[in-house]
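Reader: I've got a model on my screen and want to see what holds its parts together. Can you walk me through it?

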Amino acid sequence: AIVMHGQAGSTEKYGTGTELDVELSYKHFKKHILDKNPNVDVFMHSWSTDRREKLVNLYSPKIDYFEPQITFDFEYIVGDPNGPGGEISKWKDGKFKGLDNLRFHGLFSRWYSAKMSNELRLIYQSQNNIIYDYVMLTRYDLAYVEDFEFSNFKTEKFYAIPPISHHGIQDLWFIGSNEN
């Protein structure tokens, strides 16, 4: 199962900038994932309602759910309210709400969308009595340059891009067994 989430992609972080051409990323996705794995089901959640038809035509998902971007309009605290704020641009005693901080709003959006697309997979599995050998969680804005042949992966492992900075593992894609 391929579980896709988020916005269809733009040239800048957090959905700002110019929209990316979804056919470009799909071309790489098809060549390095779909063509290498003949029995793949795709599930998708996206905020890109204006690109739904194109994405559905390209990826042929088993289930898709597109909705307008939610503004996560609750108050949250980041870091030490008594600290200097570090890289946080709108420090207000560490309190933010809604779009005050695009980075954290983007994180809420990213993980909400990942959860929603995975829920679609779970619904389909339940309705069709299917258990997937592998589940890949990924985004719409990537250009894959290496083949992903799922039969070469080990079901007891969980795959992610390793840490390349102090920020931890990269969230571009994850692959694991259905259980993982």
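Reader: Which side chain does K62 meet in a salt bridge, and how far apart are N and O?

Author: This is a predicted model, so local features need pLDDT of at least 70, side-chain atom pairs count only at pLDDT 80 or more, and totals for chains, interfaces and linings use all residues. Residues are numbered from 1 along each chain as its sequence is written, and side-chain values use heavy atoms, with hydrogens and water left out. A salt bridge here is a side-chain nitrogen of Lys or Arg within 4 Å of a carboxyl oxygen of Asp or Glu. By that rule K62 pairs with D41, N to O at 4.0 Å.

Reader: How many residues apart in sequence are the parts that this pair ties together?

Author: K62 sits in the loop between α2 and β3 (63–66), while D41 is in the loop between α1 and β2. Those labels are DSSP runs numbered from the N terminus: helices are H or I with at least four residues, strands are E with at least two. So the pair links parts whose separation in sequence is 21 residues.

Reader: Is D41 buried or exposed?

Author: The cut-offs are under 20% relative accessible area for buried, over 50% for exposed, and partly exposed in between (1.4 Å probe, protein chains only). D41 has 15% relative accessibility, so D41 counts as buried.

Reader: How many salt bridges does the whole structure have, and which residue does K36 pair with?

Author: The search finds 10 salt bridges. One of them has its closest N and O atoms 3.6 Å apart, and it ties together parts 111 residues apart in sequence, because K36 is in the loop between α1 and β2 and D147 in the loop between β6 and β7. K36 is partly exposed at 35%, as D147 is at 40%. The partner of K36 is D147.

Reader: Which residues do salt bridges with shared partners join into one network?

Author: Start with D141 and R139, whose closest N and O atoms are 2.9 Å apart. D141 counts as partly exposed at 28%, and R139 does too at 22%. The network consists of R110, R139, D141 and D171.

Reader: How many residues of strand β8 are buried?

Author: Strand β6 (residues 134–139) pairs with β8 in the antiparallel sense over five bridges, and two strands count as paired if DSSP finds at least two bridges between them. T138 stands opposite W173 there. Strand β8 (residues 173–177) is mostly covered, and its buried count is five of five.
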